[in-house]
Amino acid sequence: MRRVRETYAITMNKDSVYTLNGGAKGDEEDRLVRQHRDVFIRVTKTLMPNHIKAHLTSLRRPVAIADVATGTGIWLTELARELPADTRLDGYDFDTSKFPYSEGLPSNVKLTFANGLEPFARELQGQYDLVHVRLVMFGLKADQWELMAANLRTLLQPRSEERRVGKECGSSV
């Protein structure tokens with residue numbers, strides 16, 4: 001039996017064109033997990049391209065990764081199994097109703113409210129070695145792309161390099 005949690009956040013951003021937020025509690029979460037495992041992983045064969053994982057490992061220090069539009073946090077949850085336990089894995093979404101209970105997450109995964117169309121909190125800016133986002137094209141209007149990209153860039157550490165990984169992994173970094 002599926003455990004239902006109370007929804008205490010917004011369930012639909014009025015500025016979003018994302019139409020898949022409706023339905024019974026649990027249905028959208030199940031769809032997001034199936035999409036991750038049955039589409040994303042089958043197509044890409046990996047959570048992260050090997051050269052990016054190798055770069056993060058070469059830093060020889062705990063790294064910080066943000067996942068924006070994290071949904072259920074499935075990408076971070078599975079990534080936690082592949083990276084050292086001291087890796088900081090933070091997920092952000094404007095709809096926190098899809099977040100699982102925190103006690104069901106790996107200890108280094110934290111899911112928090114944030115809207116990528118608004119500036120991120122100052123204490124988050126410049127904190128991340130890698131910012132992951134995928135499939136936001138289904139939730140953004142054409143005139144919102146630049147704003148989202150600018151807000152995402154603020155999360156990167158000053159010396160971080162911006163890369164876009166499209167065909168290889170279906171993600172942007």
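This is a predicted model: local features need pLDDT of at least 70, side-chain atom pairs count only at pLDDT 80 or more; totals for chains, interfaces and linings use all residues.
Student: What percentage of the residues in the chain is buried?
Tutor: The chain has 173 residues. A residue counts as buried when its relative accessible area is under 20%. Buried residues make up 46%.

Student: In what pattern do the helices and strands follow one another along the sequence?
Tutor: The chain contains four helices and six strands. Read along the sequence, they give the pattern α-α-β-α-β-β-β-α-β-β.

Student: Which strands do the buried residues of α4 pack against?
Tutor: Helix α4 spans residues 145-153, and its buried residues are Met148, Asn151 and Leu152. They lie on the same side of α4, because they cover an arc of only 100 degrees around the axis. The strands against which the buried residues of α4 pack are β1 (64-68) and β4 (130-132).

Student: Is Glu78 buried or exposed, and with which residues beyond its neighbours within four places in sequence is Glu78 in contact?
Tutor: Glu78 lies in helix α3, residues 74-79. Its relative accessibility is 11%, so Glu78 counts as buried. Leaving aside neighbours within four places in sequence, the contacts of Glu78 are His36, Arg37 and Leu47.

Student: How is the pair of Tyr92 and Phe120 classified, by the distance between ring centres and the angle between planes?
Tutor: A search of the whole structure finds two aromatic pairs. In the pair of Tyr92 and Phe120, the ring centres are 5.9 Å apart and the planes stand at 70 degrees. Planes over 60 degrees apart meet the criterion, so the pair of Tyr92 and Phe120 is edge-to-face.

Student: How many residues apart in sequence are the parts that the pair of Tyr92 and Phe120 ties together?
Tutor: Tyr92 lies in strand β2 (residues 88-93), whereas Phe120 lies in the loop between β3 (109-113) and β4. The pair therefore ties together parts whose separation in sequence is 28 residues.

Student: Which residues form the aromatic cluster?
Tutor: At 4% relative accessibility, Phe120 counts as buried. The rings of Tyr92 and Tyr128 have their centres 6.4 Å apart and their planes at 85 degrees, so this pair is edge-to-face. Both Tyr92 and Tyr128 are buried. The one aromatic cluster is formed by Tyr92, Phe120 and Tyr128.

Terms used:
Residues are numbered from 1 along each chain as its sequence is written. Side-chain values use heavy atoms; hydrogens and water are left out. Helices (H or I, at least four residues) and strands (E, at least two) are DSSP runs, numbered from the N terminus. Buried means under 20% relative accessible area, exposed over 50%, partly exposed in between (1.4 Å probe, protein chains only). Contact means heavy atoms within 4.5 Å. The arc is that of the directions from the helix axis to the C-beta atoms. Rings of Phe, Tyr and Trp (its six-membered ring) pair if their centres lie within 6.5 Å; planes under 30 degrees apart count as stacked, over 60 as edge-to-face and the rest as tilted.
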